[in-house]
Amino acid sequence: MEIRIQDITKRFAGFQALNGVDLDIADGELIALLGPSGSGKTTLLRIIAGLEFADAGRVLFGAEDMAARAVRERNVGFVFQHYALFKHMSVRDNVSFGLRMRPRRTRPAPAAIEARAEELLELVQLGGLGERYPHQLSGGQRQRVALARALAIEPRVLLLDEPFGALDAKVRKDLRRWLRELHQRIGTTTIFVTHDQEEALELADRVVIMNHGRIEQAGSVNEVYEHPASPFVFEFLGNTNILPASATGRELHIAGADRPLATDQIHPAGPLAVYVRPADLRVAEEGAHGIGVTVTAVQRTGALVRAEVRVDEGGETLSVELPHLHHDTARFVPGARLRLRLQLFSVYPDGATARAPATGGDALGVAATRERSRDYSIGA
Amino acid sequence: MSSTLTIATGTAASQRSAITEATWVRRALIALALAFLAAFLLLPLAAVFTEALRNGLGTYLEALTDPDALAAIRLTLIAAAIAVPANLVFGVAAAWAIAKHEFRGKTFLTTLIDLPFSVSPVVAGLIYVLMFGASGWARPLIDSVDLQIIFAVPGIVLATIFVTFPFVARELIPLMQEQGTDSEQVALSLGASGWQTFWHVTLPNVRWGLLYGVLLCNARAMGEFGAVSVVSGHIRGETNTMPLHVEILYNEYNFAAAFAVASLLALLALVTLAIKSFLEARHGAELARSHGH
């Protein structure tokens, strides 16, 4: 089912939960609504389900406007964060609930319902556990019962609220992979809410990053990670170093660098901020140009070596990550003076993060440039 | 080194005594509590049964099979049989409305449900006398249908319903609030109607709490004295409930018979207590949410 969300606005007492959200979801897509708590992602999911109604805007399933449709008429499969299994019913009764509650004329025969429930339990790998009660299951099993129960009604869209939030790390990883496979098999349009960027990037076809009731960016995993549209997106998707900078023409002056960096684009005059991930910083060759820093601390975390460094001019603290087998890790010695170069970075107007949430304007309008490695010496 | 050790042990020992009392204090407190319970609860209970059986089992049974006593028992059972189901329905409806829905005047309704607890039962009885009595303002209405309310069974039932109204609702509201509305929302999203959701999801989730509330409601309905006394008129064999019958017998110095009927009420209390304890032991987790105790 193709879903279109048009200019949705929702206000709770004293709190703007959604502020003009537009989103088109293609049939069969697996989409993640990603954002911090309070960003409006769960509210959006509940509005799609019909558990909440928007103050303004439209939700369309295909060509059908859902405004007048209550949740029970929408035929959506909604899985709650804590599953909300019917604890007084066996697993099988939980799964068959939606079919058993149908009006007599559309209700399948009891034997058919039984068979369907068993089939769904097989699908979620819980065959033979139909007689159990929810309290006799592990967290991961409960999650799958909730999913089977939602799938029993052959929903037009599957909506999952923080589907793995209540599970421990190991189970979460397994279930993620399993859900991905399940989605490929059944092909139901699926929207899930998460605040875990890793989960969103790993599972979804497309990630919608939300902040303060707006969509900051919607795009494929590669798009949002490689071309973050705003400082918020950049920061939300991983560790971030921020360097103050300014530009003249095609030259970028980064605080602490011994010479300007040549760039492909003309940046606006005025203060800029250069955003770079710790893993996208490299140690420059001996005698090469770059940002002069002093190593203050070194930390080994498994396959990565992370150095905390202080920019000699300006005193900003940065973090640099190298794979543990990289030859430059030998130069990570507290007190050592190094020069750093940027492999991949984004440039935003300074203060873009401080943009007031409700002042309007297109989130994508924040002038962002994303650039590949440039050696300081080339610009010289 | 050794001095450090001594200090450490000393601290631990003083901490141990800091959070508990000396043995004699504890024993004294326990003894005091037991003595209090014995004097005010166990002794009277024992007294009821001893007094009832003082003149032998024959007198005891005779007092219970007396036509007036039987009429009182029957009336009490009738009043409870009407009041308890009525409050079951009202209580569940009120709890469902308050716990699962948002509407204007919700706080007011919650306060209203508690009203019978805060009003003296005698006043509750008087309200009905003022309404339906000889010069009551609802009198013309009553006369038009030729229905006797005050000094008759309907009045007793009304007073009983009023006094026992809060029990079921009070039991269910915290329980339902604690359970939230996720289950209901799931049921609706799966296509269930409002009624199906209530019947298959909401109600089964609170069934033990409901039974508990009904039990307390029933105990009060059968034992209510004040409100019923005002509206009953004390007509022997007609408008006397068991508690009223006990009072009449007692005032007539017919102690053995009074205690015999009283022993039935005491027995009811004991049975209620037993079922209550059983429910608490069996479904404690569910019930504990709605009770501090």
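This is a predicted model: local features need pLDDT of at least 70, side-chain atom pairs count only at pLDDT 80 or more; totals for chains, interfaces and linings use all residues.

Visitor: How much of chain B is buried?

Guide: Buried residues are 34% of the 293 in that chain. As for contacts in chain B with a separation of 6 or more, 77% of them join residues 24 or more positions apart.

Visitor: Let's do a helix pair. At what angle do α4 and α12 of chain B pack?

Guide: About 145°, with the axes 9 Å apart. Helix α4 of chain B covers residues 67-100, and α12 covers residues 207-223. The crossing of α4(B) past α12(B) is right-handed.

Visitor: Which residues make that contact?

Guide: From α4(B) they include Ala79(B), Ala83(B), Leu88(B) and Gly91(B), while α12(B) brings in, among others, Leu210(B), Gly213(B), Val214(B) and Met222(B). By class, the contact of α4(B) with α12(B) has eleven nonpolar residues, five polar and no charged.

Visitor: OK, cores. How many residues are in the largest nonpolar core?

Guide: It has 111 residues, and Ala32(A), Leu159(A) and Val208(A) have the most contacts inside it. Helix α5 of chain A, residues 139-151, gives the most to this core, with six residues. There's also a second, separate core of 59 residues, which includes Val92(B), Ile161(B), Leu175(B) and Cys217(B).

Visitor: Back to Ala32(A). What is it in contact with, leaving aside neighbours within four places in sequence?

Guide: Phe192(A), Thr194(A), Ala200(A), Leu203(A), Ala204(A), Val207(A) and Val208(A).

Visitor: And Leu175(A), buried or exposed?

Guide: Leu175(A) counts as buried because 20 other C-beta atoms lie within 10 Å, and the cut-off for buried is 20 or more. Leu175(A) sits in helix α6 of chain A, residues 169-186. Apart from neighbours within four places in sequence, Leu175(A) is in contact with Gly140(A), Gln143(A), Phe164(A) and Leu167(A).

Visitor: How far is Leu175(A) from Arg149(A) in space?

Guide: They're 17 Å apart, C-alpha to C-alpha, and 26 residues apart in sequence.

Visitor: Switching to the interface: how many residues of chain A are in contact with chain B?

Guide: 17 residues of chain A, and they meet 13 residues of chain B. On the chain A side, α2 (71-74), β6 (76-79) and α3 (91-100) each supply at least two residues. That side has eleven nonpolar, three polar and three charged residues.

Visitor: What about His234(B), where does it lie?

Guide: In the loop between α13 (226-232) and α14 (242-251) of chain B. His234(B) isn't a glycine either, and its phi is positive at about 55°. With 14 other C-beta atoms within 10 Å, His234(B) is partly exposed.

How values were computed
Residues are numbered from 1 along each chain as its sequence is written. Chains are lettered from A and ligands numbered from 1 in the order in which they are written. A nonpolar core is a set of buried Ala, Val, Leu, Ile, Met, Phe, Trp, Tyr and Cys residues joined through C-beta atoms within 7 Å. A residue is buried if 20 or more other C-beta atoms lie within 10 Å of its own, exposed if 12 or fewer, and partly exposed in between; C-beta atoms are placed from the backbone. Helices (H or I, at least four residues) and strands (E, at least two) are DSSP runs, numbered from the N terminus. Two residues are in contact if their C-beta atoms, placed from the backbone, lie within 7 Å. Axes are lines fitted to C-alpha atoms, for helices over the stretch in contact, and angles run from 0 to 180 degrees between N-to-C directions. A crossing is left-handed if the near helix is turned anticlockwise from the far one by less than a right angle, and right-handed if clockwise. Ala, Val, Leu, Ile, Met, Phe, Trp, Tyr, Cys and Pro count as nonpolar, Asp, Glu, Lys and Arg as charged, and the others, Gly among them, as polar.
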